[in-house]
Amino acid sequence: MMIMKLASRVSMIKPSPTLVITAKAGALRAEGRDIIDFGAGEPDFNTPDHIKMAAIHAVESNFTRYTPVGGIDELKDAIIGKLKRDNYLSYRRSEIIVSCGAKHTLFNLSQALFDEGDEVIIPSPYWVSYPDIVLLTGARPVIVETREENGFKMTPAELEAAITKNSKAVIINSPSNPTGCVYSKEELAALAEVVLHHQLIVVSDDIYEKIIYDDFPFWNITAVNPSLKDLTVVVNGISKAYAMTGWRIGYAAAPEFLIAAMAKIQSQSTSNPSSISQKAAVEALTGDQQIIAGMVAEFQKRRDYVVSTLESFDGISCLEPQGAFYVFPNVESLYGLRCGNKKILDSTTLAEYLLDEAEVAVVPGIAFGNDRHIRISYATSMALIEKGLERIRMALKRLS
Ligand SMILES: *Cc1c(COP(=O)(O)O)cnc(C)c1O
């Protein structure tokens, strides 16, 4: 029998670990086990009705054909309006591209910017897809480990130390997945100095911009220091803010020649994002924004409960995140403990133990580049959060 030989790039990357956990939890559930999923990376709310109506209207009015590759003007204008209204950023249509989710935006910009030999600086803990998206271009991800004492935020000195003559770009993700940390205006200003000095490109992944607590102000680094504008790619989308993960709309704002390059790549791969989703995205960005406040208030209640509950567990400490819908507790002091023949050695064995013993799915921190932590998503109901944390508490009590 002939065996197909796969391209070598396939073995350079791994499947998204968060999607693997969700799939594993789903499989156990299908076997009849009552698994509580704290692994999810998406809001548990439904897409608001007025947005769904816009999509229904798009279908009914036959807005179902190809659109321009980089998105319809109506949506680009809605994005331009949003960037002005929320972020004090000013862009023209030729500086905007719409793609099939922010992940696709990151993929396209990486394909358009990075070559073999380039280095892309990624602060750790990082979102699981950054290193792999970079690896697929042939460039090298350079991981900068941040410190828990600094709220997992990269300092200017840490950034400076990672820069070499091959450095091309740095990725900033605030609020962060997985830590929920948010950079302040002052912290971004200090990083901007280093970036400007070395003329690095900044990829600013602002996807959790709207999910932020205690009125902590969100800043994009280019709004903080406008001289960065020619070096910055703003990446955002509607998945997280409007509970629209399945609609697949993300976008970038960047210098025109980069947007044109991304559009060229998109024209030879996916073409335009779904015409129907684009119409829904226009409604999301231009319609009632109060709906976000309702979701964020609910997330904040859960965050407060999850942080205080985890802090009360022996062997766990948990920083309070200012944004996103995850906590990233430190579980290192559980390492070395055992229950029967099950021994906790690292974040992976702890996640496996919690899945088997507590029937709770969490993501091991190693997936985000930090093996001393786990990620718990609270994008699930308060009732399930209470039940799941109680199960974790009981399972941890069995360790000695
Ligand atoms: C969810 C997520 C994305 C991707 O969102 P899309 O659904 O592809 O728009 C990008 N970055 C981070 C940090 C995320 O958590």
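**Ligand, domains and backbone**

The ligand is surrounded by 13 residues, and the closest of them are A102, D205, Y208, S239 and K240. Before I go into those, please keep in mind that this is a predicted model.

In D205, a polar side-chain atom sits 2.7 Å from a nitrogen atom of the ligand. With S239, an N or O atom of the side chain is 2.7 Å from an oxygen atom of the ligand.

Next, the domains. How does the domain assignment divide the protein? Domain 1 takes residues 8-46 together with 291-397, and domain 2 takes 65-286. Between their C-alpha centres there are 26 Å.

Now the contact between the two. On the domain 1 side 39 residues take part, and they touch 32 residues of domain 2. The buried area between the domains comes to about 3,100 Å², and carbon and sulfur atoms contribute 60% of that. Which residues of domain 1 lose the most area to domain 2? They are I292, Q322 and F368, and together they make up 20% of what the domain 1 side buries.

On the polar side of the account, there are 17 residue pairs in polar contact between domain 1 and domain 2, counting pairs with both residues at pLDDT 80 or more. As for secondary structure, α1 (17-30), α11 (290-311) and β9 (326-327) each provide at least two residues of the domain 1 side that touches domain 2. Helix α11 gives the largest share, with seven residues. Sorted by class, that side of domain 1 has 20 nonpolar residues, 12 polar ones and seven charged ones.

Salt bridges are next. Side chains of opposite charge can pair when their charged atoms come close. In the structure as a whole there are 28 salt bridges, and three are counted between domain 1 and domain 2. R372 and E145 form a salt bridge, with 2.9 Å between the closest N and O atoms.

A second pair to look at is R391 with D34, where the closest N and O atoms of the salt bridge are 2.5 Å apart. What parts of the chain does this pair link? R391 is in helix α13 (residues 382-397), while D34 is in the loop between α1 and β1 (36-37), so the pair links distant parts of the chain, 357 residues apart.

Last, the backbone. Most residues other than glycine have a negative phi, and most peptide bonds are trans. Against that background, here are three places to check on the screen.

- S124 and P125 are joined by a cis peptide bond with omega of about 0°. P125 is in the loop between β3 (119-124) and α5 (129-135).
- N177 and P178 are also joined by a cis peptide bond, and here omega is about 25°. P178 is in the loop that runs between β5 (167-173) and α7 (185-198).
- S271 is a residue other than glycine with a positive phi, near 60°. The loop between α9 (256-267) and α10 (275-286) contains S271.

That is the end of the tour; I can take questions now.

Key:
Residues are numbered from 1 along each chain as its sequence is written. This is a predicted model: local features need pLDDT of at least 70, side-chain atom pairs count only at pLDDT 80 or more; totals for chains, interfaces and linings use all residues. Side-chain values use heavy atoms; hydrogens and water are left out. Domain bounds come from an automatic or database domain assignment. Contact means heavy atoms within 4.5 Å. Buried area is the accessible area (1.4 Å probe) that two parts lose on being put together, summed over both. A salt bridge is a side-chain nitrogen of Lys or Arg within 4 Å of a carboxyl oxygen of Asp or Glu. A polar contact is a pair of N or O atoms within 3.5 Å; within protein, one must be able to donate a hydrogen and the other to accept it, and residues adjacent in sequence count only if both atoms are side-chain atoms. Helices (H or I, at least four residues) and strands (E, at least two) are DSSP runs, numbered from the N terminus. Ala, Val, Leu, Ile, Met, Phe, Trp, Tyr, Cys and Pro count as nonpolar, Asp, Glu, Lys and Arg as charged, and the others, Gly among them, as polar. A residue is near a molecule or strand if one of its heavy atoms lies within 4 Å of it.
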